[in-house]
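Biologist: Before I use this model, I want to know what each label on it rests on. Please set the values against the definitions as we go.

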Amino acid sequence: MAKVKALIATVLCGLSTFTIMPNTNYFQHISPDAASITNAAWQRTGRNMKNAMDKVGECIEPEKCSEQKKPSK
């Protein structure tokens, strides 16, 4: 009989963790429209490109860098 009571208590305790009406808003992390998703993606892309250029910090092909640095007439 003690085993049955323990089993019932375990089942009831387990069921009490689930609610029919949750209080958590899972939609708060979802963007409302496609434009905001696209905008955020382009911002990440630009940030990553800038970070990559800052990390490199110098021109890979020096002859092309010298051509770019010359003032145009």
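Biologist: How many residues apart are Lys50 and Asp54 in helix 2, and about what separates them?

Modeller: Lys50 and Asp54 lie 4 residues apart in helix 2, so about one helical turn separates them. An α-helix has 3.6 residues a turn, so residues three or four places apart point the same way. One caution on the source: this is a predicted model, where local features need pLDDT of at least 70, side-chain atom pairs count only at pLDDT 80 or more, and totals for chains, interfaces and linings use all residues. Residues are numbered from 1 along each chain as its sequence is written, and side-chain values use heavy atoms, with hydrogens and water left out.

Biologist: What makes the contact of Lys50 and Asp54 a salt bridge?

Modeller: The term requires a side-chain nitrogen of Lys or Arg within 4 Å of a carboxyl oxygen of Asp or Glu. The N to O distance for Lys50 and Asp54 is 2.7 Å, so the pair qualifies under that limit of 4 Å. The structure holds 1 salt bridge.

Biologist: Why is Lys50 called exposed?

Modeller: Buried means under 20% relative accessible area, exposed over 50%, and partly exposed in between (1.4 Å probe, protein chains only). Lys50 has 52%, so the label is exposed. Leu12, in helix 1 (residues 2-15), is exposed as well, at 54%. Of the 73 residues of the protein chain, 1% count as buried.

Biologist: What makes Val4, Ile8 and Leu12 a nonpolar surface patch?

Modeller: Patch residues need over 30% relative accessible area and no salt bridge; like charges are joined within 9 Å, and nonpolar side chains (Val, Leu, Ile, Met, Phe, Trp, Tyr) within 5 Å. Leu12, at 54%, passes the area test. With Val4 and Ile8, Leu12 makes a patch of about 280 Å².

Biologist: How do you know that the span of helix 2 is close to the expected one?

Modeller: The expected span is 1.5 Å times one less than the number of residues. Helix 2 has 23 residues and reaches 33 Å from first C-alpha to last, against an expected 33 Å. Just after helix 2, Gly57 takes a positive phi of about 70°.

How values were computed
Accessible areas come from the Shrake-Rupley method with a 1.4 Å probe; for residues, only the protein chains shown count as cover. Helices (H or I, at least four residues) and strands (E, at least two) are DSSP runs, numbered from the N terminus.
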